[in-house]
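Student: I would like to take a close look at one part of this model, the place where the ligands are held. Please treat it in one connected account.

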Amino acid sequence: MTTPHTIAIDGPAASGKSTLGKLLADHFGYIYFDTGVLYRALTYVALEQAVDLANAAALAKLAQTTNFDVLAPSIADGRQYTVLANGNDITWPLRAANVERNVSQVAAHPAVREALRDTQRQIGKAGHVVMAGRDIGAVIMPDAQLKIYLDASVEERAQRRAQELNARGRAISYNEVLADLTRRDAIDAANTFLAADAITISTDGRSPEDVFQAIVNLMGVEAQA
Ligand SMILES: Nc1ncnc2c1ncn2[C@@H]1O[C@H](COP(=O)(O)OP(=O)(O)O)[C@@H](O)[C@H]1O
Ligand SMILES: Nc1ccn([C@H]2C[C@H](O)[C@@H](COP(=O)(O)OP(=O)(O)O)O2)c(=O)n1
C-alpha cells in the first residue's frame, strides 16, 4: 500500500484512537485531529450558557455562532492541543465531569452533527491528516485511504479511562467509569460506524506500540523522512 494521504480512526471511548492517531501522525508527519474535541467544546459552551441540551436547534445555532479553534499545544501542561471558544482557552474543562456526563446527548442530535460536519470535512480535505472519532471513515472522510476501527472490551476501556482520569487528579472509581462508558456507548452507538473498508483491531491486551506496528506492517510502508 502506498502512504495513505488521509487516515480515519473510529471506535468507542477509550479504545485507543488518540494514542494511535498521534503515533501515526508523528510517523507520517501529518496533523492529528480528534473530532471528539468539537463535540466536547460545544457541550462545554452550551453548559456555560445554560442552553437546553435537548434543544437541537439551539445547540446547532450555538455550533454555528461559536468560533472554535483547535491549535497546537500552547502550554506544556500535558495537553494534546489547545482548544479556544471565541478566543477563550477551554482545553482542560473539556475533560471535566459535566462535559463527560453530557457530551453524548449533545452529539446524538442530527442537527448538531450537521452543524459540525463541514468543519471536520474541511480539515480532512486538506489531506495529510489523521482524524479520529466515531463516523470518520463512514461519513466524514469516506474517501480516506486508510480506515481503522479500534475496539476493546468495555472493562478494558474503563480500566484505561479510570487510570487516565486518576492520573489527572480526578477521584473516580473504576466502577463509576465503567457505568459511564456503558451509558455513553449506548448513546454513541447510533453514530458509531464500522466502515466496510476499515481494518478492525481489538486493542485488548495489546500495547499502543504493538497496535501501531501492526498498522504500519499492514501498510508495508516505511516512515517518511
Ligand atoms: N493499546 C493500549 N493499551 C493500554 N492503554 C491504552 C492503549 N491505547 C490507549 N491507552 C490508554 O487508554 C487511555 C485512552 O486512550 P485514548 O487514545 O485517549 O482513547 P480514545 O481516543 O479512543 O478515547 C489513555 O490513557 C491511553 O494512554
Ligand atoms: N466524530 C465523533 C466524535 C465524538 N463523538 C461523540 C462521542 C463521545 O461521546 C463524545 C466525545 O468524543 P471523544 O472522542 O472525545 O470521547 P472519548 O475520548 O472517546 O471518550 O463525542 C461523536 O459522536 N462523533
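Predicted model: local features only at pLDDT ≥ 70, side-chain atom pairs only at ≥ 80, totals over all residues.

Which helices each supply at least two residues of the shell around ligand 1?

Tutor: They are helix 1 (17–28) and helix 7 (154–167). The chain has a mean pLDDT of 94, with 97% of its residues at 70 or more. For the complex, the predictor reports an ipTM of 0.97 and a pTM of 0.95.

Ligand 1 is surrounded by 13 residues. The closest of these are Ala14, Lys17, Ser18, Thr19 and Arg206. By class, this shell consists of three nonpolar, five polar and five charged residues. From a side chain, a polar atom of Arg161 is placed 3.0 Å from an oxygen atom of ligand 1. On its own, ligand 1 has 560 Å² of accessible area, of which the protein covers 77%. As to location, ligand 1 sits in the largest pocket.

Ligand 2 also sits in the largest pocket. Two or more residues of the shell around ligand 2 come from each of helix 2 (36–48), helix 4 (97–107) and helix 8 (174–188). In total, 19 residues surround ligand 2, and the closest are Arg40, Arg113, Arg161, Arg184 and Asp188. Arg161 therefore deserves attention at both ligands, as a residue within 4 Å of ligand 2 and as the source of the side-chain contact to ligand 1 given above. The shell around ligand 2 divides into ten charged, five nonpolar and four polar residues.

Side-chain contacts to ligand 2 involve both oxygen and nitrogen atoms of the ligand. Arg40 brings a polar side-chain atom to 2.6 Å from an oxygen atom of ligand 2. Nitrogen atoms of the ligand are approached by Thr35, with a polar side-chain atom at 2.9 Å, and by Asp135, with a polar side-chain atom at 3.1 Å. Ligand 2 taken alone exposes 520 Å², and the protein buries 97% of that area.

Notes. Residues numbered from 1 in each chain as written. Chains lettered and ligands numbered in written order. Heavy atoms only, no water. Polar contact = N/O pair within 3.5 Å; in protein donor to acceptor, adjacent residues only side chain to side chain. Areas by Shrake-Rupley, 256 points an atom, 1.4 Å probe, with all protein chains shown as cover. 1 Å grid on protein atoms, 1.4 Å probe; cavity = no way out; pocket = protein on both sides within 12 Å on 5 of 7 lines; lining within 4 Å. Sits in = over half its atoms within 2 Å of the grid points. Helix = DSSP H or I, 4+ residues; strand = E, 2+ residues; numbered from the N terminus. Nonpolar A, V, L, I, M, F, W, Y, C, P; charged D, E, K, R; others polar. pLDDT = per-residue confidence, 0-100.
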